[in-house]
Amino acid sequence: QVQLVESGGGSVQAGGSLRLSCAASGYTRAYWMGWFRQAPGKEREGVVGLNTGDGRTYYHESVKGRFTISPDNAKNIVYLQMNSLKPEDSAMYYCAARDAPVSRGGILDRRSYNYWGQGTQVTVSS
């Protein structure tokens, strides 16, 4: 059984930083790992996708230069370092995994991912 467990969320002031972690277990390989977020009343949107084979990353335009995804393959953990946080970054953040290749257009599409964690809340105050 695939399990994804997020941690590291919290409350910070604008301009601050947080590092989210996603601990993965129960599968031999995920082609893609992703971080998504969902604010109240909004659709779940892709923040970043990581190809676990070649390391390619794709970021949502709104987080480029501020967020960084990085894997620790030895520990089966994927991190999301979030710097220069803004109030509009406030949301529930979810880790997701996909166990097959995906087209470029599907990397940040929530429908592409098979497995999901329970989420961790990030709140950024102004």
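Of the 126 residues of the protein chain, 43% count as buried (under 20% relative accessible area, with exposed over 50% and partly exposed in between, for a 1.4 Å probe and protein chains only). This is a predicted model, in which local features need pLDDT of at least 70, side-chain atom pairs count only at pLDDT 80 or more, and totals for chains, interfaces and linings use all residues. Residues are numbered from 1 along each chain as its sequence is written, and side-chain values use heavy atoms, with hydrogens and water left out.

Q: Why is Ser 21 called buried?
A: Buried means under 20% relative accessible area. Ser 21 has 15% relative accessibility, so Ser 21 counts as buried.

Q: What makes Arg 44 partly exposed?
A: The class partly exposed lies between the limits of under 20% for buried and over 50% for exposed. Arg 44 has 23% relative accessibility and therefore counts as partly exposed. Arg 44 lies in the loop between strand 4 (32-38) and strand 5 (45-51).

Q: Which residues does Ser 21 touch, leaving out those up to four places away in sequence?
A: Contact means heavy atoms within 4.5 Å. By that rule Ser 21, whose place is in strand 3, touches Val 5, Glu 6, Ser 7, Trp 35, Ile 77, Val 78 and Tyr 79.

Q: Which residues are in contact with Arg 44, leaving aside neighbours within four places in sequence?
A: Arg 44 is in contact with Phe 36, Arg 37, Gln 38, Tyr 94, Arg 110 and Trp 116.

Q: How many helices and strands are in the protein chain?
A: Helices (H or I, at least four residues) and strands (E, at least two) are DSSP runs, numbered from the N terminus. By this count the protein chain has zero helices and eleven strands.

Q: Why does the radius of gyration agree with a compact globule?
A: The radius of gyration is taken over C-alpha atoms, and the globule rule is 2.2 Å times the number of residues to the power 0.38. With 126 residues, a compact globule would have a value near 14 Å; the protein chain has 13 Å, which agrees.

Q: What makes strand 3 and strand 8 a pair?
A: Two strands pair if DSSP finds at least two bridges between them. Six bridges join strand 3 (residues 18-25) to strand 8, and the two run antiparallel. Within this pair, Cys 22 has Val 78 of strand 8 as its bridge partner.

Q: How do strand 7 and strand 8 pair?
A: Strand 7 (residues 67-72) and strand 8 are antiparallel, with six bridges, and Ser 70 stands opposite Tyr 79 in strand 8. Their hairpin has four residues between the strands, and there Asn 76 takes a positive phi near 55°.

Q: Why is strand 8 described as mostly covered?
A: Five of the six residues of strand 8 (residues 77-82) are buried.

Q: What makes one face of strand 11 covered and one uncovered?
A: In strand 11 (residues 120-125), Thr 120, Val 122 and Val 124 form the covered face, while Gln 121, Thr 123 and Ser 125 form the uncovered one.

Q: Which strands are joined to strand 11 by bridges?
A: Strand 2 (residues 10-13) runs parallel to strand 11 and is joined to it by four bridges, with Ser 11 opposite Thr 123. Strand 9 (residues 91-98) runs antiparallel to strand 11, with three bridges, and Met 92 has Gln 121 as its bridge partner.
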